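Have the model open alongside the text. The paragraphs below go through part of it, starting from a single residue.

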Amino acid sequence: SQLRQTEAWAVWGFGVLQNGSAYDAAFLERQGRHAEAEPKRRTALSYAEKDYELKIQHYGAGHQYARGAARSLAVVRRSLARNLATQGKYGEAEILARQGFQDVLAMSAFSTTVVGSALGVVGLTRFQQGDLAGAEKYYRYALAAVESSGVARHSTNLAARRAALANAQL
């Protein structure tokens with residue numbers, strides 16, 4: 001029926017739109033066009049927030065769809081933070097990076113790659129501001145989270161955390 005189709009769009013459509021905006025932004029960022037990607041990242045954030053709210057309303061906070069929407073929201077926040085830090089918009093970047101980290105920490109144990117990645121974004125915001133000591137601190141936490149997660153020694157996530165730490169120590 002039409003009502004069910006409308007309800008399905010309301011519950012699932014924002015997640016689809018969020019993904020589309022995020023892919024568009026990633027495409028532009030890979031070309032170095034961060035300023036052009038920023039509005040797409042902001043649009044993705046708006047859709048991710050709406051998607052999360054609707055999933056909570058429709059399914060409840062503990063449901064797997066709501067948890068998935070929460071994970072997506074955390075990723076989108078960190079992606080926007082990364083974009084803003086790259087452009088020199090440090091204040092907002094750090095706020096979003098820390099929100100993204102808090103989001104992840106609420107859903108995951110410390111010893112996970114997702115926590116390591118989230119801490120890495122907080123470290124990036126400090127690094128971009130020229131705060132090498134602050135960046136090193138967060139990069140060390142990020143590395144500790146990934147190392148204690150049990151990933152293989154050849155993990156690209158582990159390599160990324162090590163490379164970030166080495167970069168801050170130069």
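In this predicted model, I56 is part of helix α2. With a relative accessible area of 28%, I56 is partly exposed, because that class lies between the limits of 20% for buried and 50% for exposed. Leaving aside residues up to four places away in sequence, I56 is in contact with A61 and A66. S117 is another matter: I56 and S117 are separated by 61 residues in sequence, and their C-alpha atoms are 25 Å apart in space.

Helix α2 covers residues 34–59, which makes 26 residues. Several residues of α2 are buried: A37, E38, R41, A44, L45, A48, D51 and K55. After α2 comes G60, which has a positive phi, near 100°.

Elsewhere in the chain, the surface has a nonpolar patch. L105, F110 and Y141 make up this patch, and its area is about 270 Å². Y141 belongs to helix α6, which runs over residues 132–147. The relative accessibility of Y141 is 43%, so Y141 counts as partly exposed. A residue must have over 30% relative accessible area to be part of a patch, and Y141, at 43%, is partly exposed.

Definitions and conventions
Residues numbered from 1 in each chain as written. Predicted model: local features only at pLDDT ≥ 70, side-chain atom pairs only at ≥ 80, totals over all residues. Heavy atoms only, no water. Patch = residues over 30% accessible without salt bridge, like charges linked within 9 Å, V, L, I, M, F, W, Y side chains within 5 Å. Areas by Shrake-Rupley, 256 points an atom, 1.4 Å probe, with all protein chains shown as cover. Salt bridge = Lys/Arg side-chain N within 4 Å of Asp/Glu carboxyl O. Helix = DSSP H or I, 4+ residues; strand = E, 2+ residues; numbered from the N terminus. Buried < 20%, exposed > 50% of the residue type's maximum accessible area, 1.4 Å probe, protein only. Expected span 1.5 Å × (residues − 1). Contact = heavy atoms within 4.5 Å.
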